[in-house]
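Have the sequence and the 3D view ready, and let us walk through this protein together. We will begin with a single residue and then widen the view.

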Amino acid sequence: MLRRYNRLLVAIYVIADLGAGALAFALAYLVRFETVFASPKGQPAFAWYLDLLPFVAVLVPAAFHIQGLYRLRRGRTRVDDFFGVLVGSFVAGVLGLTGTLYIQAYHLSDALKAEGFLEISRTAWVFFLALNVLFTYTSREVVRDLLRRRWRAGIGLRRVLIVGSGDLGRMVADRLLEHSELGFRLIGFADDRAAATDTIGYRGLPILGSIPQVPEICSQEQIDEIYVALPTEEHVKLLGVVEYASREFLNIHVVPDLLQFLALRARLEDLDGLPIIRINDVPLRGFNSVCKRAVDMAISLAVVVVGLIPGLIIAFMIKRSSPGPVFYRQARMGLDGRGFTVYKFRSMPVDAEDVTGPIWARDDDPRATPIGRWLRRHDVDELPQFWNVLRGDMSIVGPRPERPFFVEQFKHRIPQYMLRHKVKAGITGWAQVNGWRGNTSLEKRIEYDLYYIENWSLSLDFKIMWLTLLRGFHRTA
């Protein structure tokens, strides 16, 4: 049932995005050619743009799908939606412009050329980008508001009972409460162990009775959906609940007790008809990884080219500050636990670790040279890592790479620590922009790293880059 409601919500969003994309492209023509903007190549017929509407309309939801905007996600904010819509619209615009340029270059018929067919205006695509962001974001807000009003009025709500009030049951409750747009109303819990001593329950949801009382509870409370979230040792009680739900035509969902293993997303796979649960799956695979790599290459190449002259000046200052090489090379651990050499501008004397050994660096490190302290304070020492990105060792956004010396210590002390190596290490990351950098809690840093891995999207990457710039300027001030 949850999947059905999610699909219904996705279908509504797709239809709204199709309409918004078509409207944005049509209005982009009018703004470009029917206003004060001059067109030196002349004005094409509006009918030619109308012929492209189906192509553009399909591009928008396709780009949004790449961005993960149609995936149910916990804790998604309006800011996340805006960045998702912005990046998705940009991807749609780039794909549309590339497609139309290709058609114009290689597949434009002689008849259309004879009629004076003009190329699709690049300026019109810019207007399309701005209008599509405005229309799609607004339409999503309208859809959400209408659904909230519908559920608040009690129309179409599904009443839900959770069997089991332990950690697993509370996790189910959290997910359903945080996604009110799906139209579920949580009524309470049924639990043998808690019913006799605790009637308060969790987050204001009461313990309505024991598991044998589920039939009476469902009848009294007019339950539509049952979520069974019992620990492994109580699974024998599941059979009676399933039998009752099947007899009374109630929808029943069984939540597997894999909490101790699930740090990332789990996915159900099919092995010739046999359901298999894949644990700790990540979204950064296949086409997603190609998109991320393309963004990394484009931005890193631009930074390397633009930073060439400032880099030479910094190199000169480092050589003047102390003898030794300009760059500091250090072994780090990256994707799938593979080692690589990270590059930084040298901020300490070459023999700095001869006495102290490997220790964590900090902005006020007494071992740093004067120019080194300035480089660290403004994170300028990290700039050579864009070369690591170009080489494919790192990404611009991802968990910060750690030295193998510390990895060997942390992987035995911190649960799920090694899962951060499911993706490439990054120059900046979700943990860093949220303040968990340097000598701060490792546990919180891992929590934020795993959140990033599980919820990756291009829009999240751009959001992190933007926050890195903002907070970098804030630190400079």
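Look for Thr136 in helix 5, which covers residues 122–152. The model you are viewing is predicted. Is Thr136 buried or exposed? Its relative accessibility is 0%, and because buried means under 20%, Thr136 counts as buried. A polar atom of the Thr136 side chain lies 2.5 Å from the backbone oxygen of Asn132. Which residues does Thr136 contact beyond its neighbours within four places in sequence? They are Asp17, Ala20, Val60, Phe64, Val85 and Ser89.

Now step back to the whole chain. The protein chain has 18 helices and eleven strands. Of its 477 residues, 45% are buried. Its accessible surface is about 24,900 Å², and carbon and sulfur atoms account for 62% of that. Among contacts with a separation of 6 or more, 69% link residues 24 or more positions apart.

Five of the strands form an open sheet, in the order 3-2-1-4-5, with parallel pairing. Which strands stand at the edges? They are strand 3 (207–209) and strand 5 (251–254); each has a single partner strand, so one side of each is left without a neighbour in the sheet. From one strand to the next, the twist averages 30°. In general, strands of a sheet pair through backbone hydrogen bonds, either parallel or antiparallel.

Strand 1 (residues 158–163) pairs in the parallel sense with strand 4 (residues 225–228) over four bridges. Strand 1 also pairs with strand 2 in the parallel sense, over six bridges. You can pick out some of the facing residues: Val160 stands opposite Glu225 in strand 4, and Val163 stands opposite Val228 in strand 4. Towards strand 2, Ile162 stands opposite Phe189. Helix 6 (residues 167–178) lies across strand 1, strand 2 (184–190) and strand 4, and it runs at about 165° to strand 2.

**The nonpolar cores**

The largest nonpolar core has 66 residues. Which residues have the most contacts inside it? They are Phe25, Phe128, Trp430, Tyr452 and Ile464. Helix 2 (residues 46–66) supplies the largest share of this core, with ten residues. Leaving out residues up to four places away in sequence, Trp430 touches Tyr448, Tyr451, Tyr452, Leu460, Lys463, Ile464 and Leu467. There is also a second, separate core of 17 residues, which includes Val163, Val214, Ile226 and Leu238.

Most residues other than glycine have a negative phi.

| Residue | Phi | Loop | Relative accessibility |
|---|---|---|---|
| Gln222 | about 55° | between helix 8 (214–221) and strand 4 | 60% |

Key: Residues are numbered from 1 along each chain as its sequence is written. This is a predicted model: local features need pLDDT of at least 70, side-chain atom pairs count only at pLDDT 80 or more; totals for chains, interfaces and linings use all residues. Side-chain values use heavy atoms; hydrogens and water are left out. Helices (H or I, at least four residues) and strands (E, at least two) are DSSP runs, numbered from the N terminus. Buried means under 20% relative accessible area, exposed over 50%, partly exposed in between (1.4 Å probe, protein chains only). Contact means heavy atoms within 4.5 Å. Accessible areas come from the Shrake-Rupley method with a 1.4 Å probe; for residues, only the protein chains shown count as cover. A polar contact is a pair of N or O atoms within 3.5 Å; within protein, one must be able to donate a hydrogen and the other to accept it, and residues adjacent in sequence count only if both atoms are side-chain atoms. Two strands pair if DSSP finds at least two bridges between them. Axes are lines fitted to C-alpha atoms, for helices over the stretch in contact, and angles run from 0 to 180 degrees between N-to-C directions. A nonpolar core is a set of buried Ala, Val, Leu, Ile, Met, Phe, Trp, Tyr and Cys residues joined through side-chain atoms within 4.5 Å.
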